[in-house]
Amino acid sequence: MDSKSTIGFTIFMFIAIVQAEVFDVTKFGAEIDGEISKPLCDAWVKACSATTPSTVLVPKGRFCLNVVEFKGPCKNPVEVKIDGTLIGPEDPITIPKGVQWITFSYLNNMTLSGNGTLDGVGGAMAWSTNDPTATVKKGSPLQYNLSFNFITNSLITGITTKDSKNFHVNLMTCTNVTFDNFHIEAPAESPNTDGIHIGWSKHITIKNSVIETGDDCVSIGDGCEDLHIEGVKCGPGHGISVGSLGRNPTEKPVIGVYVKNCSFVETANGVRIKTWPDSVPMEVKDIYFEDLSMEKVENPIIIEQDYCPHVHCNKQKPSLVRVHNVFIKNVKGTSTSQSPIKLRCSTANNGCENVHISDIDLKYVGNRGDAFQECVNVKPIYEDTIFPPACKTASQ
């Protein structure tokens, strides 16, 4: 979407919201501390079928929510404004198998806004099932706090998602969606609580947001194009990851990822590209990591084409994911690893190709010795000041 289109879309959404008819859930029977699944669904049906732009309002207060789906298409733009706190069921089995907690589907010109909190009540009951030593419960898998499926030209702003049982946000097959001033909260020890996972989507923007979680702050799956992540504060968490990729035969390329002006505090990784060994052929290209701040990050910059988080990997066969056109510029701060830059590329496809690294200053804060870069099957092209020193195999 070009700048004129973006301005036009913003004006359109502003006018739509200003003129909106409001459907307050308390007018449909919702009560403070009460269960509001039915009132919320009833308000949505009215708003979605309205002949003018409309708003579904959840006012300030605490409400219990079992499950809800905001499903379109709708006749006009709809805003869901949540100013209260929605509390999910503690036991994941309460929600039917295959159903997520809060879902938005088949909508155009949708806005999710407000100052409210979506509390997925992750906690021990849900998160313990991700412990490999625990007895996994029978029933539903763990749910996402927010699911967006087939959403276009939409905005998510102001909302906080807290303690999801699984991913906080799962965004699939969406186009031109913006997350602005979005907050994610979960403790560092919460397993598999990715902040925002994106798959099969294009023209997605995440900006001016804070993501605190136990897994990837943003994870980018296959089939994604033109993703912009800017002004995001990440930590705790595992950083911003492209992948993992190459495990399934139907995967599509990842093209055009722009991560700029982001900060990482005490995360496991900063920016990462990860692909499976013994993978199917696909590609990752046109990746830009620029103007990034790292504070006590274990792996500030990492490409790992030998990603193998468990024993069910065949590291004897290389990854067939082609990684090329990667640009890493102006990354500064501190690392808890002696090798702040790790580029572990595949023996296939000539390794990683056309990797440009410029203006890097990453200091190791440990006591094991001097910092160094790790380069395997790659010849980075270096420019400007580089610390730790460039790999000896680099192209100059």
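A: A disulfide here is a pair of cysteine sulfur atoms within 2.5 Å. The model is predicted. By that cut-off, Cys217 and Cys234 are joined, S to S 2.0 Å. The torsion about their S-S bond is 80 degrees, a right-handed link. This pair links distant parts of the chain, 17 residues apart. Cys217 lies in the loop between strand E16 (202-212) and strand E17 (218-220), and Cys234 in strand E18 (residues 225-234). Both Cys217 and Cys234 are buried.

The whole structure holds five disulfides. Another one joins Cys48 to Cys74, with sulfur atoms 2.0 Å apart. Its S-S torsion is about -105 degrees, so this disulfide is left-handed. Cys48 sits in helix H2 (residues 37-48), while Cys74 is in the loop between strand E4 (68-71) and strand E5 (78-82). Cys48 is buried at 10% relative accessible area. Cys74 is partly exposed at 22%.

Cys375 and Cys391 also form a disulfide, at 1.9 Å between sulfur atoms. Their link is right-handed, with 80 degrees about the S-S bond. Cys375 belongs to strand E28 (residues 373-376), and Cys391 to the segment after strand E29 (381-387). Cys391 is buried, at 9% relative accessible area.

Counting bonded cysteines along the chain, the pattern is 1-2, 3-4, 5-6, 7-8, 9-10. Cys174 is in no disulfide, and the nearest cysteine sulfur, in Cys224, is 9.9 Å away. Cys174 is buried, at 1% relative accessibility. For Cys262, the closest cysteine sulfur is that of Cys234, 8.6 Å away and too far for a bond. Cys262 is buried as well, at 3%.

Conventions:
Residues are numbered from 1 along each chain as its sequence is written. This is a predicted model: local features need pLDDT of at least 70, side-chain atom pairs count only at pLDDT 80 or more; totals for chains, interfaces and linings use all residues. Side-chain values use heavy atoms; hydrogens and water are left out. Helices (H or I, at least four residues) and strands (E, at least two) are DSSP runs, numbered from the N terminus. Buried means under 20% relative accessible area, exposed over 50%, partly exposed in between (1.4 Å probe, protein chains only).
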